[in-house]
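Subject: Structure handover

Hello,

Here is the structure I promised to pass on. Please have it open while you read the notes below.

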Amino acid sequence: MPKRRNNSGEGVSLFPFMSILACLIGILTLMISVSMQVKQIEDVGRTEEEKARAVENRELTKASKTLEASIAKLQKDLERDKATSAQLAKLEDRKIILKSQIAEASKDPAKTDEQLQKTIEVMREEIAALKKERPPLNKQLEELKAELALRRNPPEKVESVQIRPGGTGIRAASRLFFVECNSTGIVLLTGEGAPKTISQAAITKSPVYNSFLDEVKSTRDSMVLFLIRKSGAGSYNWAAGWAESKYEVLTGKLPVPNDGKIDLSLFQK
């Protein structure tokens, strides 16, 4: 049997290649490790920045809500100020009226503080009544404006209405007091100075009308004659009812046929 040939002295060694490969693997591992550490450091820095931005955003959102609440409050204050201004304007009107009444009442030294206070309270009731009456008065104002437009070019002149003594169909009295009743209220035709107008809502509260009825009641054999316009039935009911129930004075009524001026010259004669 032939002998095998020993080739160990002629083989190639792999140690250098393996050492190079091991060094390469080590270098790659080191690079990967360094890259991961750098990335981790960058991630940590970015997280802190985002956290700071989140805190800043939260603060800005909170400040924005605070500003919105402040704006809403300012809007409410502005609306309240507008309402207050309107109320002040109304109070200023009342103040002017009350000052006028107090100045007129203070001219009479016989009036006491209690009477002045009562006058002020009466005026407040009149103002409240006038406010309540404002919507129908606005409607009547429009009607009167339309009537005024028609009267600017009237088809014919409206003659005055002459009231004749003894033609009322009622028991004659030695002293007559005249009151005109129209759609808006009553007019006291006293014959002294300008006629005094009283709105329908203030008839039972007007110190002027009450003073007028006091004079009628204190005059012997006297009577109030109500001259009723076409649209004055409502005012007549209030005025005559108050005169009869409160002051127990004698009353009469006479319809006025047209819108002409009332002429009482025959009674003056």
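Two strands pair if DSSP finds at least two bridges between them. Helices (H or I, at least four residues) and strands (E, at least two) are DSSP runs, numbered from the N terminus. This is a predicted model: local features need pLDDT of at least 70, side-chain atom pairs count only at pLDDT 80 or more, and totals for chains, interfaces and linings use all residues. Residues are numbered from 1 along each chain as its sequence is written, and side-chain values use heavy atoms, with hydrogens and water left out.

**Overall**

The protein has 5 helices and 7 strands. Along the sequence, the pattern reads α-α-β-β-β-β-α-β-α-β-β-α. Of the 269 residues, 23% are buried. Buried means under 20% relative accessible area, exposed means over 50%, and partly exposed lies in between (1.4 Å probe, protein chains only). Contact means heavy atoms within 4.5 Å. Among contacts between residues at least 6 apart in sequence, 74% join residues at least 24 apart. The protein exposes about 20,600 Å². Carbon and sulfur atoms supply 57% of that area. Accessible areas come from the Shrake-Rupley method with a 1.4 Å probe; for residues, only the protein chains shown count as cover.

**Strand E2 and its partners**

Start with E2, residues 175-181. E2 is largely enclosed by the rest of the structure, because 6 of its 7 residues are buried. E2 pairs with E5 in the parallel sense, over 7 bridges. With E3, E2 runs antiparallel, and 4 bridges join the two. A hairpin of 3 residues connects E2 to E3.

Val 179 shows both pairings. Its bridge partner in E3 is Leu 188. In E5, Val 179 stands opposite Phe 226. In a regular strand the side chains alternate between the two faces of the sheet.

**The cores**

A nonpolar core is a set of buried Ala, Val, Leu, Ile, Met, Phe, Trp, Tyr and Cys residues joined through side-chain atoms within 4.5 Å. The largest one has 21 residues. Ile 186, Tyr 209, Phe 212, Val 224 and Phe 226 have the most contacts inside it. At least two residues of this core come from each of E2, E3 (185-189), H3, E5 (222-228) and H4 (233-246). A second, separate core has 13 residues, among them Leu 176, Leu 225, Val 256 and Leu 264.

Beyond its neighbours within four places in sequence, Ile 186 contacts residues including Val 179, Ile 198, Ile 203, Tyr 209 and Ala 239.

**The salt bridge**

How many salt bridges does the structure hold? It holds 1. The term means a side-chain nitrogen of Lys or Arg within 4 Å of a carboxyl oxygen of Asp or Glu. Glu 180 pairs with Arg 229, and the closest N and O atoms are 3.0 Å apart. The pair links distant parts of the chain: Glu 180 is in E2, Arg 229 is in the loop between E5 and H4, and 49 residues separate them. Glu 180 counts as buried because its relative accessible area is 12%. Arg 229 is also buried, at 12% relative accessibility.

**On the surface**

Phe 17, Met 18, Leu 21, Leu 24, Ile 25, Ile 27, Leu 28 and Met 31 form a nonpolar surface patch. Together they have about 790 Å² of accessible area. Patches are made of residues with over 30% relative accessible area and no salt bridge; like charges are joined within 9 Å, nonpolar side chains (Val, Leu, Ile, Met, Phe, Trp, Tyr) within 5 Å. Phe 17 sits in helix H1, residues 15-106. Phe 17 is exposed, with a relative accessible area of 54%.

Lys 205 lies in the loop between E4 (196-199) and H3 (207-218). Lys 205 is partly exposed, at 28% relative accessibility. Its C-alpha atom is 8.2 Å from that of Met 123, which is 82 residues away along the chain.

Asp 221 is in the loop between H3 and E5. Its phi is positive, near 50°, and it is not a glycine. Asp 221 counts as partly exposed, at 38% relative accessibility.

Glu 248 is in the loop between H4 and E6 (251-255). Glu 248 also has a positive phi, about 55°, without being a glycine. Glu 248 is exposed, with a relative accessible area of 67%.

Best wishes
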